[in-house]
Amino acid sequence: MNSDILKPSAVAARISTFRPSQRLIHGVDLAGKWSAPIADVIILILAAIIAPVFYNPTNLKTVAIQFAVLGIVAAGQTLVLLVRSIDLSVSAVLALGAVIVVQTTGGNSIGLAIVEAFAIAAFIGLANGFLVSKRLVPPFIASYGMLVFVQGARLAYTKGQASGTVPELLRAISIGQVGFLPAALVIWLIVNAALIVVLRYTSLGRWIYAVGGNPSGARYAGVKVDAMVIGAHIACSMLAMFGGLVLSGYIGYVDLKLGTDYNLNSIAASIVGGTTFTGGRGNLFGTAAGVALLVLLLNLVVVLGLPIHWQFAMQGLVLVFATALQGFRQFLLSR
Amino acid sequence: MSMQTERATAVSAMRWKKITTFVRNNASIVLIFGMILVLGIAATIVTEKFQNPSNLINIFRQSIVIGLIAIGQSAVILTGGADMSVAMVARIVALIVATIFAANNSSSALIVPLLLLGIAIGAVLGGFNGLLITRTHANPFIITFGVANILRGVNLAIATTPIRGIPPEFLKIYDSKIGIVPVNVLVMILVWVLAWLLTTRSRPGRAIFAVGGSERVARLSGIRVNRAMVLAYIFSGMCAALAGLFLLSRSGVGDPSAAEGMDFQSMVAVALGGISLYGGKGSMIGTLGGVLLLAILSNVFNLTQVNIYYQQLFLGMIVLIAVAVYKTPRSA
């Protein structure tokens, strides 16, 4: 080509001539919202056929506790995604909580240790939110840097040794029973109910959706956008900390690799449940369905006796599928 | 007399202005090489071993693998995307090549075909990433993260223990020299020059910048946005594959934990080098500086025997400070 200037017709030819039909847009939107719950039902039926062991009471309790922990963490992740940010430091915060509570209870009261843990989590969330909203750092870089930093701090402190026994209180809130339900599940239910009420019925919740849907519009409407972003990050880190405490109560000791999967899983659960990266779309019911999908799939790998690397592939597949679906959905809806 | 001094001050003011404009236009590059200089001086004060010629050469050699990955990553980040699958691409290439060598009695006749095969695998995986992103409009960072996880699973399916049986001729590639120039440094320089030419002198390369600046405007100007993006991901995949081959040649076994963490390290190198993580701004020269800075840092840590966990702590801290200090203005 000898000329850098294209004829208008050539330009027009290069601009996408893709005109999606209304039916396609509607279909993809429905798929984005409902693929997780539908997949849940299919997997539950499938499990009954190919792996009846899945419905053992002990296995069900394991699934319920894993569901609760991931559910608490993913709820926080959803909040952050709703304001167009992302938090890749949840796994580090989650592991940090266990270390703080287990290692500082010698001499201190557990109450103090828990307050300390939540304060540190809030500070980490504040730092993430500050970097994202005030310094305009791309959220995944800011929070991934935070992940490396917090993980390094924890490992430098513990020297990578597994140690300590988990206090009774944490054992109680995760594997204890409330009626016929595991305590962890009850906690998940309370946390989610509170968050759903806030998101649906308070002006705070509407502001969060407004910030994600249209940040500059929200700013003009008088919403404190930066405060919402920072607040979502603080809430997310504190929920991750809470999830970590429940998880360490379930596992019983503090491990070097504790919680490393939770970044990817919490994002995958939120996204497959209908939350988009561009913010303002999604809700916690969808996230719960997404959490169930991931936990079921990962548990099936174990129950079926497949090699454990299938778990990685499974997580990756769910994430790729969900990200592609939600990206396409957002693209269609925003045209 | 007074006229002369006036003219002298005017000339020096002009010269000064020239320097300040240069610094302002290339702030990130000046900053990164300034930091390398400061770090180098600090390192020579802290430990005498640092300024050994053999140690300095070592720094270059150790930055080859991460450097190759970072060059590919730069092209992707310039489009406004990110490729988090590079480490797993490097690993899968190393493992597949090692497996084929092991299955064929480490026959040295296979070296050239397998080198080509490895790079082809990288290109295919990169192209897959690129098509996935351009066709579905998905978030590049997350979707390549997902691809990386799938590849992690596949890698574990290929091997969980080191694969032996690499022909000795293949291992020599890493240490061989042409004259006095090590081959690996030569390959790195070639790839860098190629990347530099691609991004500054070629039509698709300029398209990469345009897409990173504003995808919408680029599309409306008739630039082939999708083609530029897919090309960037293919280039990144090929660079990662090359890095994987060098890793294999260096370690001598198909290591199932090869390249761990290099996805993030490459992004850090690129970010330190001043390429805007929102895309569209920066240069390959900065990336080179970022890679060198990281290599010197880890070299100093090793020489002074800092605990590996503290190294991670420092790395995280440096990243957080760097991204907080760099201004990434975005007029939305």
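This is a predicted model: local features need pLDDT of at least 70, side-chain atom pairs count only at pLDDT 80 or more; totals for chains, interfaces and linings use all residues.
**The H4–H5 loop of chain B**

Helix H4 of chain B covers residues 86-103 and helix H5 covers 111-136, with Asn105(B) in the loop between them. The phi angle of Asn105(B) is near 55°, a positive value in a residue other than glycine. Ser106(B), likewise not a glycine, has a positive phi near 40°. Leu110(B) also belongs to the loop between H4 and H5. Apart from neighbours within four places in sequence, Leu110(B) is in contact with Ile100(B), Phe101(B) and Asn104(B). The C-alpha atom of Leu110(B) is separated by 9.7 Å from that of Val97(B), 13 residues apart along the chain.

**Two further sites in chain B**

Thr47(B) is placed in the loop between helix H2 (27-46) and helix H3 (53-78) of chain B. A polar atom of the Thr47(B) side chain lies 3.1 Å from the backbone nitrogen of Lys49(B). If residues up to four places away in sequence are not counted, Thr47(B) touches Leu303(B) and Thr304(B).

Lys177(B) is part of strand S1 of chain B, residues 177-178. Beyond four places in sequence, Lys177(B) is in contact with Pro182(B) and Val183(B). Between Lys177(B) and Val30(B), 147 residues apart in sequence, the C-alpha to C-alpha distance is 32 Å.

The table gives the accessibility of the residues discussed so far.

| Residue | Relative accessibility | Class |
|---|---|---|
| Asn105(B) | 69% | exposed |
| Lys177(B) | 56% | exposed |
| Ser106(B) | 27% | partly exposed |
| Leu110(B) | 23% | partly exposed |
| Thr47(B) | 9% | buried |

Thr47(B) counts as buried because its relative accessibility is 9%, and buried means under 20%.

**The contact between chain A and chain B**

The contact draws 44 residues from chain A and 45 residues from chain B. Between them the two chains bury about 4,100 Å², of which 74% is on carbon and sulfur atoms. On the side of chain A that touches chain B, the elements giving two or more residues are helix H1 (8-14), helix H6 (139-158), helix H12 (262-272) and helix H14 (309-333). The residues on this side of chain A divide into 31 nonpolar, nine polar and four charged. Zero salt bridges are counted between chain A and chain B, whereas five residue pairs are in polar contact, both residues at pLDDT 80 or more.

**Nonpolar cores**

In soluble globular proteins, nonpolar side chains tend to be buried together. In this model the largest nonpolar core holds 198 residues, and those touching the most other members are Tyr144(A), Val211(A), Ile267(A), Val93(B), Phe141(B) and Met267(B). Phe141(B) has contacts in both chains: with neighbours within four places in sequence left aside, it is in contact with Leu88(A), Phe140(A) and Tyr144(A), and with Ala82(B), Met84(B) and Met267(B). A second, separate core has five residues, among them Ile25(A), Val28(A), Leu325(A) and Phe331(A).

Key:
Residues are numbered from 1 along each chain as its sequence is written. Chains are lettered from A and ligands numbered from 1 in the order in which they are written. Side-chain values use heavy atoms; hydrogens and water are left out. Contact means heavy atoms within 4.5 Å. Buried area is the accessible area (1.4 Å probe) that two parts lose on being put together, summed over both. A salt bridge is a side-chain nitrogen of Lys or Arg within 4 Å of a carboxyl oxygen of Asp or Glu. A polar contact is a pair of N or O atoms within 3.5 Å; within protein, one must be able to donate a hydrogen and the other to accept it, and residues adjacent in sequence count only if both atoms are side-chain atoms. Helices (H or I, at least four residues) and strands (E, at least two) are DSSP runs, numbered from the N terminus. Ala, Val, Leu, Ile, Met, Phe, Trp, Tyr, Cys and Pro count as nonpolar, Asp, Glu, Lys and Arg as charged, and the others, Gly among them, as polar. A nonpolar core is a set of buried Ala, Val, Leu, Ile, Met, Phe, Trp, Tyr and Cys residues joined through side-chain atoms within 4.5 Å. Buried means under 20% relative accessible area, exposed over 50%, partly exposed in between (1.4 Å probe, protein chains only).
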